[in-house]
Amino acid sequence: MNCHEFRQSLFAYTEHQLGDGERATLEGHAQACSGCGDLLQRASELTCKDFVAFLQAHLDDELEPEQARVFRRHLEFCPPCVDYLDAYEKTVSLGREVCQADGGLPEEVPEQLIRAVLEAQRRAT
Ligand SMILES: [Zn+2]
Ligand SMILES: [Zn+2]
């Protein structure tokens with residue numbers, strides 16, 4: 001396993017979707033490679049699911065300092081969550097604008113995305 005493969009499997013690892021052999025390979029790489037070992041440790045601190053669960057509290061500034069720290073650390077190594085946070089913030093501010101203006105949603109934000117965000121939010125609570 002190389003570092004690239006490691007990163008690709010990391011998500012499945014934290015979500016407990018890997019078989020025993022794959023887990024062992026991944027953990028073996030993490031032990032041999034200090035960079036990836038560090039990543040694995042961070043990924044175990046906060047999974048993507050936790051990240052989504054913390055998202056609203058983060059936006060409301062309600063996270064404990066320790067939670068906020070692991071939340072930000074997650075963003076450093078998880079591009080999908082960076083994208084997700086981006087989309088989420090856009091959707092939230094969009095929602096506010098829509099409430100104020102009482103108009104339809106602008107074309108740029110696909111309805112599909114909004115639904116995906118709302119769906120993930122619902123699952124997280
Ligand atoms: Zn590595
Ligand atoms: Zn993530």
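1. Leaving aside residues up to four places away in sequence, F51 touches L46, F71, H74 and C81; two residues are in contact if their C-beta atoms, placed from the backbone, lie within 7 Å.

2. This is a predicted model, in which local features need pLDDT of at least 70 and side-chain atom pairs count only at pLDDT 80 or more, while totals for chains, interfaces and linings use all residues. Residues are numbered from 1 along each chain as its sequence is written, and chains are lettered from A and ligands numbered from 1 in the order in which they are written.

3. The largest nonpolar core has 8 residues: L46, F51, L55, F71, C78, C81, Y88 and V117. Such a core is a set of buried Ala, Val, Leu, Ile, Met, Phe, Trp, Tyr and Cys residues joined through C-beta atoms within 7 Å, where buried requires 20 or more other C-beta atoms within 10 Å of the residue's own. At least two residues of this core come from each of α4 and α6 (79–101); helices are DSSP runs (H or I, at least four residues), numbered from the N terminus. Another core, of 7 residues, lies apart from it and includes F6, L26, A30 and A43.

4. Helix α4 (residues 48–59) and α5 have axes that come within 11 Å and cross at roughly 120 degrees. Axes are lines fitted to C-alpha atoms, for helices over the stretch in contact, and angles run from 0 to 180 degrees between N-to-C directions. The two helices, α4 and α5, are therefore oblique to each other (under 35 degrees counts as roughly parallel, over 145 as roughly antiparallel, 65 to 115 as roughly perpendicular and the rest as oblique). F51, F54 and H58 of α4 make the contact with Q67, A68, F71 and H74 of α5.

5. The axes of helix α3 (residues 34–45) and helix α5 (residues 65–77) come within 9 Å, crossing at roughly 130 degrees. α3 is therefore oblique to α5. On the α3 side the contact involves L39, R42 and E45, and on the α5 side V70, R73, H74 and F77.

6. How do α1 and α3 lie relative to each other, and at what angle do their axes cross? The axes of helix α1 (residues 3–14) and α3 come within 10 Å and cross at roughly 15 degrees, so α1 and α3 are roughly parallel to each other. C3, F6, L10 and T14 in α1 meet G35, C36, L39, L40, A43 and S44 in α3.

Technical notes:
A residue is buried if 20 or more other C-beta atoms lie within 10 Å of its own, exposed if 12 or fewer, and partly exposed in between; C-beta atoms are placed from the backbone.
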